[in-house]
Amino acid sequence: MSDARQTGSLPSGSVDNVVLLIADTVRWDFLGYNGGATHTPNLDRLAARSTIFARHHAASFPTVPARYDFLTGKLNFTSVGWSPLPHDEYVFASDLSAAGLTTFGVVDTPFYQNRGFYYERGFDYFYDMQTQPVGAKEYFLGDPNAEARARNDPLHGQLIPEPRLSEEDHAAPQTIRRAEACLERLYTNPFFALVDTWDPHEPWDAPEYYVARYVANYAGERVHPPYSYWRDEGLTERDIEIARGNYAGKLEMVDRWIGHFLDKLERLGVADRTAIVFTSDHGHYLGEHGLLGKMVQTIPGAAEERWLRSPLYEDVTHVPLIVHIPGEKPRICTELTSALDIAPTILTLAGLEPKEHMLGRSLVPAALGDAFTGHDVVVTAMPLASVGDQVDVVDDVTRVVDEWQPASVTDGDWTLLYAREGDPVELYDLRDDPRQELDRSAQHPDVVLRLAQAYLQMLRAVGAFESDIAARFSDE
């Protein structure tokens, strides 16, 4: 083994190019290579020649906070929140450009540039496709609040209007086509590519031939997630079946177009020198725990939009991560990893050292089969807020926090849902209760205390605001 391999670095000349593929809202357990029922042959073949990180978790939640974590290696939820990238903030793309890589981003996920968010900083070339609706219209035709929902949806920011007349009119195909065009122009020199598609995020509107595979007697129905407890919204078991099929169909469409991109790397003759990282920002509830949506809000159309208590179970926090290094054997890593590991991993793949400020660790040693130790604990949380605060989360709409929001604190075996001292907690043993159906907090107060203390120590270590710490731990 070379000295480079012993230090967790890549042998010189083994990787020229690095690709970061992000698909929003991907359920880990829906993917074929994880035993899911969705037809995902392209991600399956990527996984079959890569390292799968089987216990990978989101850190800052949801969309914009997660992108901050990805691009900076720092933690969003303790400081920045759903807001523009600070003008003096570090982004790894700047280092890659300075090192001689041509950097380009092609995204259709809203909010990179929306309202001057400035998340394109550091890239040599950046395409914000603006093909996604900033606020998804209501697709559940039986919803008595549909008119109120339409009134309260944020303005659409898309330049290419609906309807989608063919599959290639959809956002993910257009994003991949643009990314392929960029590859054709840049592939002869080392490059870094960020390709980020908001699909399979709702609206779940994939062509019907994708959805029909997953829904018996499918007749074109669509169900839009109400971000609430679905029975309270008047939805039925059939509606949940349709929603899951809608989601699976869109995920399959995304997989097909990721396959197009991977094939393009092959046709250009650069696949054997290109490292690929595939991940997502979070999952989504599709009926589990009585929820449809990734958070819980009051019914749109009320006098004031509000966020209710939104527990972050594994369905949301456990996300896929694949790291492909050309020529390396396929592996499965069962160490606990975090979204904060993405930035240092990208830098290492590009032959650079991770920055000292980064809270994660490079995953390259694990992908090389070298010694690797994961995190002791990973915390997933939405931007810290107190009851009564006004926050912009999920769709860039300001809402009032009506109830304390629990963070998810996991050591890989146990997961604690903790909001603040005195509020109810939930504790789950993932080893024999992976669906998190049996709260064991009363039987294991020692584990509750240990994980709560780990959360407190993390907040202190990253320099969270003292007011936020004091609001959650009464002894502060």
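How many aromatic pairs does the count come to in this model? I noted first that the model is a predicted one. The count came to 16 aromatic pairs.

Entry on W82 and F111. I looked up this pair and found the ring centres 4.9 Å apart, with the planes at 70 degrees. Planes over 60 degrees apart count as edge-to-face, so I put the pair of W82 and F111 down as edge-to-face. I then checked where the two residues sit: W82 is in the loop between α3 (63–72) and α4 (92–98), and F111 is in the loop between β3 (102–107) and β4 (125–128). They are 29 residues apart, and the pair links distant parts of the chain. Both W82 and F111 are buried.

Entry on F117 and Y119. I found another aromatic pair here, with 6.4 Å from centre to centre and 40 degrees between the planes, and noted it as tilted. F117 and Y119 are both buried as well.

Entry on a cluster. I wrote down one aromatic cluster, formed by F92, Y112, F123, F126 and F192.

Entry on H57. I turned to this residue next and found it in strand β2, which covers residues 51–57. Is H57 buried or exposed? Its relative accessibility is 3%, and the cut-off for buried is under 20%, so I counted H57 as buried. I also looked up its contacts, leaving aside neighbours within four places in sequence. Among them I listed E314, T317, H318 and V319, then L336, T337, S338 and A339. V378, T380 and T410 are also in contact with H57.

Technical notes:
Residues numbered from 1 in each chain as written. Predicted model: local features only at pLDDT ≥ 70, side-chain atom pairs only at ≥ 80, totals over all residues. Heavy atoms only, no water. Helix = DSSP H or I, 4+ residues; strand = E, 2+ residues; numbered from the N terminus. Buried < 20%, exposed > 50% of the residue type's maximum accessible area, 1.4 Å probe, protein only. Contact = heavy atoms within 4.5 Å. Phe/Tyr/Trp six-rings, centres within 6.5 Å; stacked < 30°, edge-to-face > 60°.
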